[in-house]
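Colleague: I'd like to learn how to read the contact between two chains. Can you walk me through it?

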Protein chains: 2
Amino acid sequence: MRLSKMLFVTLRDDPADAEIPSHKLLLRAGYIRRIGSGLYAYLPLMWRVLQKVSKIVREEMNATGAQECLLPQLQPADLWKESGRWDTYTKAEGIMFSLIDRRDQQLGLGPTHEEVITAIARDMIRSYRQLPLNLYQLQTKFRDEIRPRFGLMRGREFIMKDGYSFHVDEASLKETYQDMYQAYSNMLRRSGLAFRAVEADSGAIGGSGSTEFMVLAEAGEDEVLFTEDGKYAANVEKAVSLPADAEPSRFTTYEKRDTPGAETIDKLCQFLKCSPTQVVKNVLYQTVYDNGVTVLVLVSIRGEQEVNQVKLQNELTKLASNYGANTIIALDVPNQETQQTWAAKSLPLGYIAPDIADEYITANKQIHPKFVRLVDKTAVELKNFVTGANETGFHVVGANWGEQFQLSENVVDVRKARSGDRALHHPEQTLQSARGIEVGHIFQLGTKYSLSMGATYTNEQGEEKPLFMGCYGVGVSRLAQSAVEQSYDKDGIIWPVAIAPYHAIVTIPNINDARQVEIAQQLYTELNRAGIETLLDDRDERAGVKFKDADLIGIPYRIVTGRAIANGKVEVVERATRNSQEIVIEEVTSTLHKWIAAAIEVKN
Amino acid sequence: MRLSKMLFVTLRDDPADAEIPSHKLLLRAGYIRRIGSGLYAYLPLMWRVLQKVSKIVREEMNATGAQECLLPQLQPADLWKESGRWDTYTKAEGIMFSLIDRRDQQLGLGPTHEEVITAIARDMIRSYRQLPLNLYQLQTKFRDEIRPRFGLMRGREFIMKDGYSFHVDEASLKETYQDMYQAYSNMLRRSGLAFRAVEADSGAIGGSGSTEFMVLAEAGEDEVLFTEDGKYAANVEKAVSLPADAEPSRFTTYEKRDTPGAETIDKLCQFLKCSPTQVVKNVLYQTVYDNGVTVLVLVSIRGEQEVNQVKLQNELTKLASNYGANTIIALDVPNQETQQTWAAKSLPLGYIAPDIADEYITANKQIHPKFVRLVDKTAVELKNFVTGANETGFHVVGANWGEQFQLSENVVDVRKARSGDRALHHPEQTLQSARGIEVGHIFQLGTKYSLSMGATYTNEQGEEKPLFMGCYGVGVSRLAQSAVEQSYDKDGIIWPVAIAPYHAIVTIPNINDARQVEIAQQLYTELNRAGIETLLDDRDERAGVKFKDADLIGIPYRIVTGRAIANGKVEVVERATRNSQEIVIEEVTSTLHKWIAAAIEVKN
């Protein structure tokens, strides 16, 4: 393609609304344009990158025997009501755009396709002989994000490959899950990305196990914890670890102490001259279930630890049936105003005891919440501990479970693992932390959707059984931007060769020099014929402008038909390393061929 | 692909809700499944067809220098308000799905992208040096159809290639329009379709000229009129022609006649023993403009002719500014109930005069419509004509314009051309009629969107000028189904080789015959390696079932590893002709290569 014929507009300055480097660079280099909040046009250069990523994704999926299809983006609400997710997705989390058609039927704009594919499986799969089956699609998805940002990273429209597999049993599911794990690793490696596969929480998708594929970058929204030896890696939402040992308590007798102004753990420990590991901290949460029932949750945890809200949410979801509910639609630490909707007396913040007094949680005012206590394992192990006295300005010391305080039956792990903790199964290893961009997520769904939607098959014995399912997603547009986030310098983007929009750019320093133009056009034609995707910068611009633009858009190899042509050579500059060398014109194509082949891993 | 591993389910019987052959066949053969009204899943076989059509479309577009991009499907309402189409698309015609996001912002789901691309052009195009520019995308579009039907033909979600070009002037636009005309012709020819390019009405898209590409098929929703010599072809909505000459009137004196029960032209002519070409027929329409103004429209036309409602709508749109409006949102022949909302006296249907009496059109009841008269050219030319007397049971004969009736200043062509009419510019040719499926439509938009949205460029003289635009659409999913509508027999689909999901299928008649299986697998591997896309029917089914399925799904070549293998041969059956021949196993690949190459035209 000739730049003079392309929609090619670069910006000198960083756009005001872009926060992270990759977002700024994609805007400046003319890859994308913002059309509305979280809505972007993929311009021709970006489209080529997306096509290359898509090609790698397809090749890896097809190699596993998965079959491509395309499902509707508009989805009848009825299907989502069958699975029980309509309210969660359109109201509680509100993440799904919904609309009413001209016949007053409700439709959702697909953020994911478990319901649709399960309806198809229910219709078409009859026998074990049709299994396993793995279907996938590449498609634009929609999410009504609370805060769309970072360009393509968290847009309201984005391109996904989502796939769904069906199985006779869990063993077959695990086999395909393993294939997908490998395929996803291949996709990211072939796209030229540094990444980590981590254990993950399954969230609203559900199921029994999942792995996220994280592209490592400072701007990542996720935190990953991992061991140096690579044997353990998990999203912080999911991570487990061994906390540091608690120090033995220095309080041997139970007594109430005056602790004025000690409403934080730090202040308390300073005041009492004790370690935070000797303290039981009690935090009150408020959760609302999908049937409207409000439950107050008191979590007791060791003083220096923090509550992992995702783990807490999972524990509370397990208790949902106790309250006649299916799922949680809200979980917060209540503020004073909220607290006053159910209690007459303000909470003694910083002084709450493990058996919080009734007056703080029920006073028959506007709402009548239920109440439950959870105790984290770190708190359970403590002896002679320090904790709140349910009265502002007072703590108790030397307390013990089963003596002053009843231990709740709900002993759980809701602790947030963190950098520096020892690994649970490899205690000789310490957890380290990194930021990651989640570009892929694979799930073992089990029978969650097949049971709720009645998708069954007949086994060899003629019995009707629920299908086992897996689902597998990779964000194609997010992956493309994450490559930029991982690879740029002060002058612009440095694309991995495998997903660069073009391999090479031939730059004519002086468009008025007929010899330069002739050689450039000849090389441009020759390179493209040889399958090396090449741009020709034939614009009537200064050489400096052209070099700056080539650096900004990040094409791997720049060929300059400058002074060296007098010696039958051209200058070839590698964008990533800035290495420059003069190459004999007749050898440019074969040289680039070799370099590109070395840089790109092709699927056989 | 092995059928045993595929999502491959065929149905024995026609699905109840499918009306046309292609819809029935695509459902029966397992290409598509209905997910909701007008919403279909494209299953793996269908997806391959769509990918092949898309590839041809891309190749033809790229060959013209057009650049692929991808625009958001969700579109901010503000853009559509700038162009003035928001109300027309979401309310009047209601063809665009609209929704409200979590921040109460209005969004539309794109049925087309003039607004978005014009916003991009406004942002990025500054100078004549960037022009011409032609951008296109392949994307799923949405239309909230009044009556979704015929499968992919009129779905609520469908795949389109839409393209938009920008120019300094009309001459440049016409050049690209001509390129697109050629590219579209190439796409359809290469896809193996019989089609006709016809003059078309530009409808709600607007602009000065447009061509539709019609795939010819009985089930087509459109009527096409054309001359044998191919010099003229048009959609009936747009078509012009020469009507038959009127017979000279047999009434020389003006008088009122008693014509009881002559409320149709046929009865009237029988009663008066005159030709319908001597009659002026008067039809009352009611139209509503976008500002809510209602206008009654009396159309006078020669007795045997019919009103073309599209032409009428275009004429009334031209008059919109007279009523302070921009466009029409409804146009109907009012029924009695409607008529009584604005008149006290019922219309004398069949007896209305060219100067309809006031009492029939205004009586100050609920609404106060305005009134306008239009006279079709066929009526203007009549002398001593017969027409209604504004009184049930009475006509007048021997009437003349300028004598008994004032001729309206609005003389128009609103006549529906029809088969048998003489061609306007080739009166020696007679128009013929065919049914067509509109799969492509290209438009010269001119400055409609650039003016309303302020998209300009600076010309060589430094002056700011509005961009000239063209837009070009082809329905990828509709094209695929139209191929089936054009090519099937009682046993199933007969795909054109160029867009068949697979080129060949190797059928093993008896899966328990090791020799059959061995040769089949060997051929299957060899064919695929040679780039001949081949299925292997390795299912444990009877041979008859397999042959029936292969016919149903319409794969061009079936290779049967049956009895002939004893002689080192296999049977090869061509689906389209049912020609069967035995071919030496070693020559199958080269033979198919030759046949397929002969059947497919490849873009160089």
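Modeller: Start with the salt bridge: a side-chain nitrogen of Lys or Arg within 4 Å of a carboxyl oxygen of Asp or Glu. This is a predicted model, where local features need pLDDT of at least 70, side-chain atom pairs count only at pLDDT 80 or more, and totals for chains, interfaces and linings use all residues. Residues are numbered from 1 along each chain as its sequence is written, chains are lettered from A and ligands numbered from 1 in the order in which they are written, and side-chain values use heavy atoms, with hydrogens and water left out.

Colleague: How many salt bridges are there between chain B and chain A?

Modeller: The count is four. In one of them, B:Arg156 pairs with A:Asp101, and their closest N and O atoms are 2.6 Å apart.

Colleague: And how much area do chain B and chain A bury between them?

Modeller: Buried area is the accessible area (1.4 Å probe) that two parts lose on being put together, summed over both. Here that's about 5000 Å², with 60% of it on carbon and sulfur atoms. On the chain B side, B:Leu70, B:Arg102 and B:Met124 lose the most area to chain A, together 15% of what that side buries.

Colleague: How many residues does each chain bring to the contact?

Modeller: Contact means heavy atoms within 4.5 Å. By that rule, chain B gives 59 residues and chain A gives 59 residues.
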